[in-house]
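I opened the model to look up a few local points. My notes follow in the order in which I took them.

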Amino acid sequence: MTDETVYDCIIIGAGPGGLQAAVYLGRYNRKVLLIDRGGGRTSHARHIENFLTQKDISGGEIIRLGLEQARNFNVAVISGLVTNVVKREYFDVTAEGKRHRSRFVIVSSGATENLPPIENIHKFFGDSFFTCIDCDGYRTTGKKLTVIGNSLKTVHLALAMKEMYTEDITLILYTLPIPEVYMEELRENGIRLVNGRPVRLSGGETLEAVELHDGGRIECEVVMSNFGYKLNAAFLADLNLKRDADNFKFITDRHFESSCDGLYIVGPLTGNDQAIIAAGEGALVAIELKKRLLEL
Ligand SMILES: Cc1cc2nc3c(=O)[nH]c(=O)nc-3n(C[C@H](O)[C@H](O)[C@H](O)COP(=O)(O)OP(=O)(O)OC[C@H]3O[C@@H](n4cnc5c(N)ncnc54)[C@H](O)[C@@H]3O)c2cc1C
């Protein structure tokens, strides 16, 4: 099946990055298709407090409002999973078995959290179980905090949390030992170190404790973890785009154009995982595409 329209731009992903680009391109009266499968990272953000003018808004509400705004400017929106993008005369974007064609593509498909297998994690995720210091570090201020992870990065995270947010910290590491210099830092900062594997979060309305596989129980009000995320980029495989030295993030130029002419990438796939930054990048790409579409 092929969509007869040749769009000026297809946007993959309706998070802040894709939606902001859609609003700009819609207001240039360009022919835009936005394809989204739903359930992205922003939808898990229950409290966003660092987006200018928003004292406290959920990610779900940002998406709802953004979709409404984009539709008002005649952006076509369809639900579906994009499975492949290739470049022929136009870009061919396949979603749910249907081919859509466009002159340009903006990829704003975000990332998916690597959440450890802990019972009840989804109950508390985004509310008292956090994964991002920039997003939710502030929400731990003055609270009884457990930091969990499995690398020395987690030790750095615990020290940063102590410096900025709270005195009462227990650090749970899956693997020990760690170098003595780190042990010393933790002792000096009064951070308790526990070796173990969390298996369950307990609590009713609010989080009460992290339970460990050996029966241990660490009481806490909030958890900060760092297991990273994977990029939602499988559908780009056929384009062989350039990535960084770790073969992880995509390399783009200052307009966020990838190594494939006409395909732009914003948000965590290129390095930034904040809603307002993704939105800014989306606006920047749309302004660039306005110029390129006029040149055509
Ligand atoms: C718990 C939590 C709290 C957060 N709190 C904050 C905060 O307070 N402040 C802040 O600035 N940021 C916060 N963030 C981060 C923020 O949500 C994202 O980093 C940011 O929204 C990135 O936006 P994005 O548009 O690039 O991607 P996303 O918001 O991830 O949107 C990508 C969209 O693309 C869709 N998609 C993915 N693959 C496909 C595909 N193949 N086909 C079709 N659609 C696809 C996804 O389903 C999703 O809808 C938080 C994140 C989490 C998880």
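**Surface patch**

The model is a predicted one, which I keep in mind for the entries below. I277 sits in helix α8, residues 275-295. I then checked its surroundings on the surface: L52, I276 and I277 make up a nonpolar patch there. Together these residues have about 270 Å² of accessible area.

**Ligand site**

I listed the shell around the ligand and found 37 residues, with D36, G38, T42, V82 and A275 as the closest. By class, the shell holds 14 nonpolar, 17 polar and six charged residues.

R41 has a polar side-chain atom 3.2 Å from a ligand oxygen. In the side chain of N50, an N or O atom is 2.9 Å from a nitrogen atom of the ligand. For D273 I noted a polar backbone atom, 2.9 Å from an oxygen atom of the ligand. On its own the ligand has 1,000 Å² of accessible area, and the protein covers 99% of that. I also noted which elements give two or more residues to the shell: α1, β2, α2 (41-44), α5 (133-136) and α8.

**Positive phi**

N29 is in the loop between α1 (16-27) and β2 (32-36). I call N29 exposed because its relative accessible area is 65%, over the 50% cut-off.

N240 also went into the notebook, with a positive phi near 45 degrees. The loop between β16 (229-231) and β17 (263-265) contains N240. With a relative accessible area of 66%, N240 is exposed.

Note on methods:
Residues numbered from 1 in each chain as written. Predicted model: local features only at pLDDT ≥ 70, side-chain atom pairs only at ≥ 80, totals over all residues. Heavy atoms only, no water. Patch = residues over 30% accessible without salt bridge, like charges linked within 9 Å, V, L, I, M, F, W, Y side chains within 5 Å. Areas by Shrake-Rupley, 256 points an atom, 1.4 Å probe, with all protein chains shown as cover. Salt bridge = Lys/Arg side-chain N within 4 Å of Asp/Glu carboxyl O. Helix = DSSP H or I, 4+ residues; strand = E, 2+ residues; numbered from the N terminus. Buried < 20%, exposed > 50% of the residue type's maximum accessible area, 1.4 Å probe, protein only. Near = heavy atom within 4 Å. Polar contact = N/O pair within 3.5 Å; in protein donor to acceptor, adjacent residues only side chain to side chain. Nonpolar A, V, L, I, M, F, W, Y, C, P; charged D, E, K, R; others polar.
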